[in-house]
Amino acid sequence: MTSIIRLQAFSGVHGESPPCYMLQLDEFRFLLDCGWTEDFDMTYIKELKKHVHQIDAVLLSYPDVFHLGCLPYLVGKCGLNCPIYATVPVYKMGQMFMYDLYQSHHNSEDFQMFTLDDVDAAFDKIIQLKYSQSVNLRGKGHGLQVTPLAAGHMLGGTIWRIMKEGEEDIVYAVDYNHKKERHLNGWALETFSRPSLLITDAFNATYVQARRRLRDEQLMTNILQTMRASGNVLVAVDTAGRVLELAHLLDQMFRSKESGLTAYSLALLNNVSYNVVEFAKSQVEWMSDKIMRGFEDNRNNPFQFRHLQLCHSMAELAKIPEPKVVLCSVPDLQCGFSRELFLNWCTQSQNCIILTNRTSPGTLARWLIDNPSAKTVKLEVKKRVRLEGTELEEYMKQEKEKEAEAQRLKAEQGKNDLEDESSDESETEMEVDMQYQGKVKHDLMVNTEGKTRAGFFKQAKKSYPMFPYIEEKIKWDEYGEIIRPEDFMILETEKGEEETQEKEVPEEVEMQDISEMPTKCISTSRTLDLQARVIYIDFEGRSDGESIKKILNQVKPRELIIVHGSTEATESLAEYCRTTPGLVQGGNVFTPRIHEIVDATKDSHIYQVRLRDSVVSRLRFAKARDVELAWIDGVLDLSKAKTDTSAMHEREEGELVEKTTGDEKDDDVIDLQPTLLPLPSYKIPGHKSVFINEPKLSDFKQVLIRAGIQAEFSGGVLLCNGAVAVKKTETGRVQLEGCIGDDYYKVRELLYDQYAII
């Protein structure tokens, strides 16, 4: 590999923090995922902000918050402006994840990290791809190609392959699942063979996973026991990822009469449940082969649920009869409907809380998994309540003042516009008045006094009273006549329409009052007795440690970078890869730390230099296939010179500025490159001509025939006009033999044309 390859980890190494890495391939920089923690930790975001201006493209692997959570923040607050690549389901379901996350926090607190407009702006930049659809990058990425491949785990989950023309490939594969599930195929393992670099995770490297049948039986047994005890079951799931597998499984269970669950209720509760199910119905082609066959043969859509009822609020859920099983977001129990239901149900012994995902350390769900014998839990309870009494009066007073101020500013603006318009009209009127001054002496009736007949004959025409008429001057601009909208407004409506409008207005006002009711957020601390059963059943959909090792033995990467996993798991997998003969062909296994830059460049004598204009102007390029080559004579200037690849640094007020060359305290964040200066002409040494290319004799034969030279093979030698022989030696060199003459020189000239000679 002749490319410069570096990886910098902002998050997601030696721990369970979300994945976020910057991969540099020559001059081009990819951001591989940009997840965010459940509590929106800004630690690594501050470091990532400094490098936002360097990012040329973003690759998203999965639609959940753990892989794309900070994308709206980067686009809306940090100014990220580059192409973002993702599969169609990641685009659609990712929006649902972010909408639900925002609404879940907004319902209980003043959420300021990003807005729904930021979410829309971020997803508008996404370029949607299908599996195996290759995209050739442009600009600095010329010659690079990215391809998404199936990864399992979630709908649209992606393993990214990055290839450079004429060279080998880089594979980014995290959180994949090689096993087939009910609604997803597994990782397409056969598509990879000895990639030059594999970036993979060690999250489950030391984890032993139970069989799928045992997990399904455990889920059904716990649900059935709770239902028969007249209890409710809370299943904490994500918004639009793993919830599809669980919803499909439970709906099938409730359909079966043998399960004994048909008499009970099943519900899906989140802020976008209807949209999630509708999107799932329309993306059958991204699902497992079994689902595809069922849909093609019988038009059976597995997400046309019979028993699962969709809810968007606690009020809708209350209408569903108990006992019931509720799938609700979010899986960490930090906010949203899952936290609200946990507060209501955890104190009742007949209920059951089922956790399906090991969320980040510090979350409520993870604390419950790590402390199964805990009897009490102290929680901060956040609520959004309506304003009442003096607070409401104060709020209304402030709103009236704001409204009055807005109307005053609007009136002033309108007055200024009117004055500008009237000043233009007054000039026209003054011109007309001056034109008619002294001529028009009547108001309404035409004054005929003082007039005498000018002719001898009697006039047949009568004089009628008339208004004085002044022709208006039409205003126009480069687009034509200026249109006044008020001239085209319909002032009168039919009686029936007026009645319907009168009836509709009160309803609209009432809805507006409900939706815009002034509220405030309060927070209280409560200690709860954990009476309900809390169970963790693994439905994460990731490959386990044993499978990861088998997969690495089959893929056999030449270099390996291990990310996203605890220090114990990372070191364990790295040690296995180093000690297993033939697993990593090059022998390089990297385990980077936070902010550490890993140099995975295979050839050690490759450097990036800057060229002065005086050097470039002297170059004489020769074309070889799709590239142009030139010989350079110059001298390296190794003095420190700042390039535009430097990081951005943040001032106290939050403005990002580029660090100056005078600041040498933190040189590690400055990317220095040597500069190539021109060599004086008297110092330029001569060099032998270099022939670059590997022409085939069969292709050269066609060139000779097109030039009118008779050419044919005889014993592996190409004979030209019976006088010149062209052959290849064992070392691959091309030899030209024959008598000196016109044919010899013509064949030699055509042969030289097949090379780039520098």
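Is L333 buried or exposed? At 0% relative accessibility, L333 counts as buried, since buried means under 20% relative accessible area. The structure discussed here is a predicted model.

**Loop between β15 and α11**

- L333 is located in the loop that connects β15 and α11.
- The phi angle of L333 is near 60°, a positive value in a residue other than glycine.
- V330 also lies in the loop between β15 and α11, the helix of residues 336–345.
- The peptide bond that joins S329 to V330 is cis, with omega near 10°.
- Most residues other than glycine have a negative phi, and most peptide bonds are trans.

**Loop between α10 and β15**

- A cis peptide bond also runs from E322 to P323, where omega is near -5°.
- P323 belongs to the loop between α10 (314–318) and β15 (324–328).

**Loop between α15 and β22**

- K556 is not a glycine, yet its phi is positive, at about 50°.
- The loop that holds K556 runs between α15 (545–555) and β22 (559–563).
- With a relative accessible area of 25%, K556 is partly exposed, because this class covers values between the 20% limit for buried and the 50% limit for exposed.

**Helix α19 and its surroundings**

- Helix α19 spans residues 742–752, and its buried residues are Y744, V747, L750 and L751.
- Viewed down the axis of α19, these buried residues fall within an arc of 135°, so they line one face of the helix.
- D742 and E749 are exposed on the other side of α19.
- The cover over the buried residues of α19 includes helix α18 (697–706).
- Strands also contribute to this cover, among them β34 (717–720), β35 (724–728) and β36 (734–738).

**Nonpolar surface patch**

- A nonpolar patch on the surface is formed by Y607, V609, L611, V616, I632, L636 and L638.
- Together, the residues of this patch have about 670 Å² of accessible area.
- L636, one of the patch residues, is placed in strand β28, which covers residues 634–637.
- L636 has 48% relative accessibility and therefore counts as partly exposed, because exposed requires over 50%.

Methods:
Residues are numbered from 1 along each chain as its sequence is written. This is a predicted model: local features need pLDDT of at least 70, side-chain atom pairs count only at pLDDT 80 or more; totals for chains, interfaces and linings use all residues. Side-chain values use heavy atoms; hydrogens and water are left out. Buried means under 20% relative accessible area, exposed over 50%, partly exposed in between (1.4 Å probe, protein chains only). Helices (H or I, at least four residues) and strands (E, at least two) are DSSP runs, numbered from the N terminus. The arc is that of the directions from the helix axis to the C-beta atoms. Contact means heavy atoms within 4.5 Å. Patches are made of residues with over 30% relative accessible area and no salt bridge: like charges are joined within 9 Å, nonpolar side chains (Val, Leu, Ile, Met, Phe, Trp, Tyr) within 5 Å. Accessible areas come from the Shrake-Rupley method with a 1.4 Å probe; for residues, only the protein chains shown count as cover. A salt bridge is a side-chain nitrogen of Lys or Arg within 4 Å of a carboxyl oxygen of Asp or Glu.
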